[in-house]
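Subject: Structure handover

Hi,

Here is the structure I promised to pass on. Please open it first, then read my notes below.

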Amino acid sequence: MKITAQDVRYIADLAHLELTPEEIVAMERDLGAILEYVAQLDQLEMPGLAPSPLHPAAAALAALGSAASNSTLRPDAQRAWFTPAEALANAPSAGAGHFKVPRIISVSEGTPEAE
Amino acid sequence: MLADSELRTLDLDASRALLTGRRATAVELVEAFQRFIPAADAEVHGYLALSPERALQQARRLDALVAAGQPLPPLAGLPMAIKDAISTRGVPTTCGSRILASYVPPYDATVVTRLEEAGALLLGKANCDEFAMGSSNENSAYGAVRNPHDLTRVPGGSSGGSAAVVAAGTAVAALGSDTGGSIRQPAAFCGVVGMMPSYGRVSRFGLIAFASSLDHIGPLARTVKDAAAVLQVIAGHDPLDATSAALPVPDYVAGLEAPITGLRVGVPREAFGAGLDADVERAVRAAIEDLARAGCEIVDVSLPHNNYAIATYYIIATAEASSNLARFDGVRYGYREPDSRTLAEMYRRTRDHGFGPEVKRRIMLGTYVLSAGYYDAFYRKALQARALLTEDYRKAFTQADVILTPTTPTPAFRLGEKTENPLEMYLADIYTVTADLVGIPGLSLPCGATPAGLPIGLQLLGRHFEEATLLRLAHRYERRRGAATAD
């Protein structure tokens with residue numbers, strides 16, 4: 001499977017990664033090789049086969065009588081959790097009980113926001 | 001005063017006996033490890049952080065119980081390391097990544113809470129591949145771990161630090177996580193026991209997510225019995241993990257002594273193909289013969305789609321990783337690249353500088369296979385292949401109670417040997433990835449060594465939620481082998 005530099009830049013943009021020119025070259029090579037390897041799945045005849053469930057032990061759980069409702073949902077009950085100060089303690093920038101981030105809308109003559 | 005040589009050979013029973021026999025207090029035990037670890041770990045680099053206050057606080061609690069003549073909890077006095085992918089309140093948790101260099105979790109993973117309630121002493125956090133992505137521990141942003149059996153070789157990964165500290169004796173047991181083999185492969189490379197329980201058996205609440213349909217937490221220890229004792233404590237339903245199974249947990253330790261006569265051990269014919277090291281094959285075949293002598297019935301089974309497992313794994317795991325790792329954006333925790341003009345620029349620069357090359361490669365691959373136009377060609381197809389693999393194992397487990405393979409195709413490879421070729425590194429997981437995809441339990445235990453002294457691992461796989469069968473068989477094999485090597 002051929003991956004171009006343009007493909008790499010498009011995917012990097014979707015993934016919010018700012019790759020350097022050197023990283024783009026390496027990514028072209030590595031992703032190309034890995035995609036070529038995983039293309040072996042095309043050899044499998046799987047028309048109409050249902051995809052695996054997201055819980056890989058789902059069938060076993062059902063057979064063992066663990067009701068799905070028991071194992072997926074907890075009661076919607078109030079309980080103690082982080083205080084606002086604990087939730088903000090790891091923030092790179094916080095103030096007035098909130099996380100602080102740079103501007104969301106770009107401005108043509110803007111200066112970097114204070115962090 | 002406890003000698004270093006004694007610390008290196010402790011197991012759970014010996015640690016408890018120190019406390020109950022009043023040979024040492026728990027505080028003395030913790031202090032002995034704290035004195036011993038810095039020098040003993042200097043070359044291995046299995047630890048990323050130590051948690052002395054936390055271990056001492058727990059030790060004082062245990063000493064008070066001993067002084068009051070109270071019964072001790074099941075893991076009382078067990079010195080443990082916790083993989084740095086598992087959250088520990090107040091103790092730095094980096095997941096091997098620069099993007100979490102300054103992160104101090106405000107909560108404990110459920111497994112950590114349970115271990116401490118059971119009396120374990122948490123010595124510190126074990127080094128690992130960044131976000132548990134790797135098979136050699138060379139992807140840690142804080143430097144590679146070295147294999148205690150040969151410092152020029154890798155300990156395996158991604159739980160390389162967890163396996164190395166147990167092998168080196170700088171912890172008696174450890175927790176690791178396994179997404180494609182990350183407990184069993186390093187256990188094999190370092191000559192220790194490592195167990196991945198069934199998907200749903202152990203809560204992942206507080207495990208930093210890599211691939212949510214594949215991530216498991218499990219124990220590493222020097223004996224099967226210690227692995228069983230740790231699993232006993234961490235297993236069981238947790239309302240905080242929606243995937244955790246609401247099933248009763250058997251008494252694993254009590255079950256170790258049950259007979260193995262008549263147990264059907266399946267040997268997949270595909271497991272002894274090209275690429276398998278001759279020393280590994282010899283050791284594994286000898287183990288099969290020994291189990292036959294012990295009264296197991298050896299049966300031939302087939303897993304026809306096993307060759308497709310790595311491809312299936314690298315699509316599903318990277319797809320899930322690209323989604324899970326979207327949370328690392330420099331807003332709520334971790335590293336933020338300064339001086340960005342806009343939010344979008346801050347995301348891109350933070351993630352480019354915060355993530356290492358392998359993590360970026362997997363985010364890119366996962367984003368690609370989920371992107372418009374490729375979802376059916378890659379992701380959906382991989383989920384179908386996963387269903388084929390699941391069916392292979394369902395059939396094989398109608399003929400066999402346990403499936404036996406090598407854990408790895410080779411013994412520990414050299415540092416730097418596979419870093420230039422990601423695909424070659426991925427193939428180190430050929431025997432381990434399918435159990436993660438299928439959700440069944442797997443255990444690796446030592447079954448010999450190469451002439452150069454590198455450990456070789458034997459892998460046992462079981463039906464969903466039948467961990468007890470694997471532990472029982474492994475315990476018996478371990479005892480027979482111990483008796484044989486003692487002759």
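Helices (H or I, at least four residues) and strands (E, at least two) are DSSP runs, numbered from the N terminus. On that basis chain A has 5 helices and 2 strands. Along the sequence, chain A reads α-α-α-α-α-β-β.

Two notes on conventions. This is a predicted model, so local features need pLDDT of at least 70 and side-chain atom pairs count only at pLDDT 80 or more, while totals for chains, interfaces and linings use all residues. Residues are numbered from 1 along each chain as its sequence is written, chains are lettered from A and ligands numbered from 1 in the order in which they are written, and side-chain values use heavy atoms, with hydrogens and water left out.

Burial in chain A

Buried means under 20% relative accessible area, exposed means over 50%, and partly exposed is in between (1.4 Å probe, protein chains only). Of the 115 residues in chain A, 30% are buried.

Surface patch

Val101(A), Ile104(A) and Ile105(A) make a nonpolar patch on the surface. Together they have about 310 Å² of accessible area (Shrake-Rupley method, 1.4 Å probe; for residues, only the protein chains shown count as cover). Patch residues have over 30% relative accessible area and no salt bridge; like charges are joined within 9 Å, nonpolar side chains (Val, Leu, Ile, Met, Phe, Trp, Tyr) within 5 Å. Val101(A) sits in the segment after strand E2 (98–99) of chain A. Val101(A) is partly exposed, at 31% relative accessibility.

Salt bridges

A salt bridge here is a side-chain nitrogen of Lys or Arg within 4 Å of a carboxyl oxygen of Asp or Glu.

Glu6(B) and Arg23(B) form one, at 2.9 Å from N to O. This pair links distant parts of the chain, 17 residues apart. Glu6(B) is in helix H1 (residues 4–8) of chain B, and Arg23(B) is in the loop between helix H2 (12–20) and helix H3 (26–40). Glu6(B) is partly exposed at 25%, and Arg23(B) is exposed at 52%.

Helix H10 (residues 278–293) of chain B holds Arg282(B) and Asp279(B). Their side chains meet in a salt bridge, 2.9 Å from N to O. They are 3 residues apart, so about one helical turn separates them. Arg282(B) is exposed, at 55% relative accessibility.

Asp290(B) pairs with Arg293(B), with the closest N and O atoms 3.5 Å apart. These two are also in helix H10, 3 residues apart, so again about one helical turn separates them. Asp290(B) is buried at 12%, whereas Arg293(B) is exposed at 59%. Elsewhere, salt bridges that share partners join Arg29(A), Asp30(A), Glu358(B), Arg361(B) and Arg362(B) into one network.

Largest pocket

A pocket is an open set of points on a 1 Å grid over the protein atoms alone, where a 1.4 Å probe fits, with protein on both sides within 12 Å along at least five of seven lines; lining residues have an atom within 4 Å of a point. The largest pocket has a volume of about 630 Å³. It is lined by 26 residues, and the closest to its centre are Tyr107(B), Gly206(B), Leu207(B), Ile208(B) and Arg327(B).

Tyr308(B)

Tyr308(B) lies in the loop between strand E8 (297–301) and helix H11 (309–324) of chain B. Tyr308(B) is buried, at 16% relative accessibility. Tyr308(B) and Lys381(B) are 73 residues apart in sequence and 11 Å apart in space, C-alpha to C-alpha.

Best wishes

Key: Grid points are joined across faces, edges and corners, and a volume is the space filled by probe spheres set on the points.
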